[in-house]
Amino acid sequence: MAGHIPVNGAKNAALKVLAASILFKDEIALENIPLIEDIKRMCELLGELGMEVKEKGRRSFTVRPGAKIATELPAELSQKFRASIVLAGPILSRYGTVTFFFPGGCLIGKRPVDFFIEGFEKMGARVRVSAHGDSVKYLIETKARRLMGTEIFLRAPSVTATETFILSGILASGETVIKNAAMEPEIVSLSNYLSACGAKIRGVGTPTIRIKGGPCLESRGLKYRTLPDRIEAGSFIILGALCARDLTVTDCNPLDLEALLSVLSHAGVNFKTGKDWVRIINKNGAKIPFKAFNIKTQGYPGFPTDLQALITLFLTQSRGDGAVFETIFESRLEYIKSLREMGAKIRVTENQAFIRGPTALRATNLESRDLRAGMAFILAAIIAKGTSLVHNVYNIDRGYEKVEERLAKVGVDIQRCVSS
Ligand code: EPU
């Protein structure tokens, strides 16, 4: 396998900037939006609420407020993906009320919404919770005309809760302070754009963020360009390390990937980086086992949970004993059962995996409940002997655009099978 593989815009930034469109007076223009299923669902959701979303050429979109905006998120659609919850803050702060449902997404743990509810209450909202079929419905209303700025301490640095309170603080009265905030580059990118459009946000990229409330935002003729998806880039870099002769991952930002690149360098992977590319060269076609290591997942700039399954797979091909400690989500090691069926030697104790490598993997049938584990299955299938079938590709399509076409271009033998 060899060649160049370009990285698309970041799912977890594009979804949030689409949600932020609710805070604008006028039309916003977005570029480098990945054409993935979660983005399609977010655009459908905005459309159902009364926003006008238009695709303007490849990967470019405009979003403008329609004449009337609904404040209840449609249940079925919003339950399809976690990021739907990021619409709650903007709708509540602009229109004084929002109804949403417990969000869906990858099955990787409990993924509660208590930070959101407690934060909205602290900002002066009233919350009513009721059962809705198998789900839970939340009706939130502001008591005063606007949400009130306040101090919110997040018990864990949650990404979507940090984004929610940045977005909620923009139209609130006074100052909102988020403590123990998440510091992911996608949050910095979103905030920089919103600041350029009139928001008053300080401290983003640090654990304390301050937002001064003001009027609705104006696009000022600016275009938002989505930053490269560091998780997609990381997935392709791990693929390159595992089995490429010479693979260059382009259109990425190596500075956002330091946690991954430092462990790969420690393991002995041979790569070079430039301003926006990473080139992995395996003179022997990656037949030399790498050195095993231990990692634990953390918020940025630590090792991302979204690359945890992929790095576990990498450790099955490394020499010695490695360990992976998942500290963010309670059930994000489910996929390991399938890697074991393929021949991997992995022992799991609660949220830790102990991997002994290297082991040759055998092809099998795979099915993932989580998008990142789905990508790990594709990579496992690539390095395994024989032909594997990966089912439930919708889960992979949620976050990776046309993965089979892009992998085929660099020499992977992969086909999408359409079931009848
Ligand atoms: N948490 C709570 N209560 C809350 C919110 C979060 O206890 O109200 C806990 C979570 O259970 C977890 C921790 O806080 O233990 C951190 O989770 P976080 O809230 O940061 O996760 P998220 O915002 O739901 C986003 C990404 C995930 C990514 C995580 C961690 C989006 C839409 N999703 O989720 O991305 O894994 O941050 O970086 O931004 C993916 O892209 O495949 C994906 C799952």
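Predicted model: local features only at pLDDT ≥ 70, side-chain atom pairs only at ≥ 80, totals over all residues.
Residues are numbered from 1 along each chain as its sequence is written, and side-chain values use heavy atoms, with hydrogens and water left out.

**Stop 1: the S8-S9-S11-S10 sheet**

Select 151-153 and 200-202. These are S8 and S10, the edge strands, each pairing on one side only, in an open, mixed sheet of four strands ordered S8-S9-S11-S10. Strands here are DSSP runs of E with at least two residues, helices are runs of H or I with at least four, and both are numbered from the N terminus. Two strands pair if DSSP finds at least two bridges between them. On average, neighbouring strands in this sheet are turned by 15° against each other, direction ignored.

Show Lys200 and you'll find Lys212 of S11 as its bridge partner.

**Stop 2: helix H6 and its neighbours**

Colour 159-170. That's H6, packed on the sheet and touching S8, S9 (175-179), S10 and S11, with its direction at about 25° to that of S11. Contact means heavy atoms within 4.5 Å; axes are lines fitted to C-alpha atoms, for helices over the stretch in contact, and angles run from 0 to 180 degrees between N-to-C directions.

Next, pick H5 (residues 114-122), whose axis comes within 9 Å of that of H6 and crosses it at roughly 25°. Show side chains: Phe115, Phe116, Gly119 and Phe120 of H5 meet Thr160, Ala161, Thr164, Phe165 and Ser168 of H6. By class, that contact has five nonpolar, four polar and no charged residues. The classes are Ala, Val, Leu, Ile, Met, Phe, Trp, Tyr, Cys and Pro as nonpolar, Asp, Glu, Lys and Arg as charged, and the others, Gly among them, as polar.

Then try H4 (residues 88-95): its axis and that of H6 come within 8 Å and cross at roughly 15°. H4 is therefore roughly parallel to H6. Gly89, Pro90 and Ser93 of H4 make the contact with Thr164, Leu167 and Ser168 of H6.

**Stop 3: the S3-S4-S2-S12 sheet**

Four strands form this open, mixed sheet, in the order S3-S4-S2-S12. Its edges are S3 (51-55) and S12 (223-225). S2 (residues 28-31) runs parallel to S12, joined by three bridges, and Ala29 stands opposite Lys223. Select 11-20 for H1, which lies across S2, S4 (61-65) and S12 at about 170° to S2.

**Stop 4: Phe24 and Tyr193**

Show these two rings: their centres are 5.9 Å apart and their planes at 25°, so the pair is stacked. Rings of Phe, Tyr and Trp (its six-membered ring) pair if their centres lie within 6.5 Å, with planes under 30 degrees apart stacked, over 60 edge-to-face and the rest tilted. Phe24 sits in the loop between H1 and S2 and Tyr193 in H7 (residues 185-196), so the pair ties together parts 169 residues apart in sequence.

**Stop 5: the hairpin**

Finish on S19 (residues 345-349) and S20 (residues 352-357), antiparallel over five bridges. Arg347 stands opposite Phe354. Two residues lie between the strands, and Glu350 in the turn has a positive phi of about 45°.

Terms used
Parallel < 35°, antiparallel > 145°, perpendicular 65-115°, else oblique.
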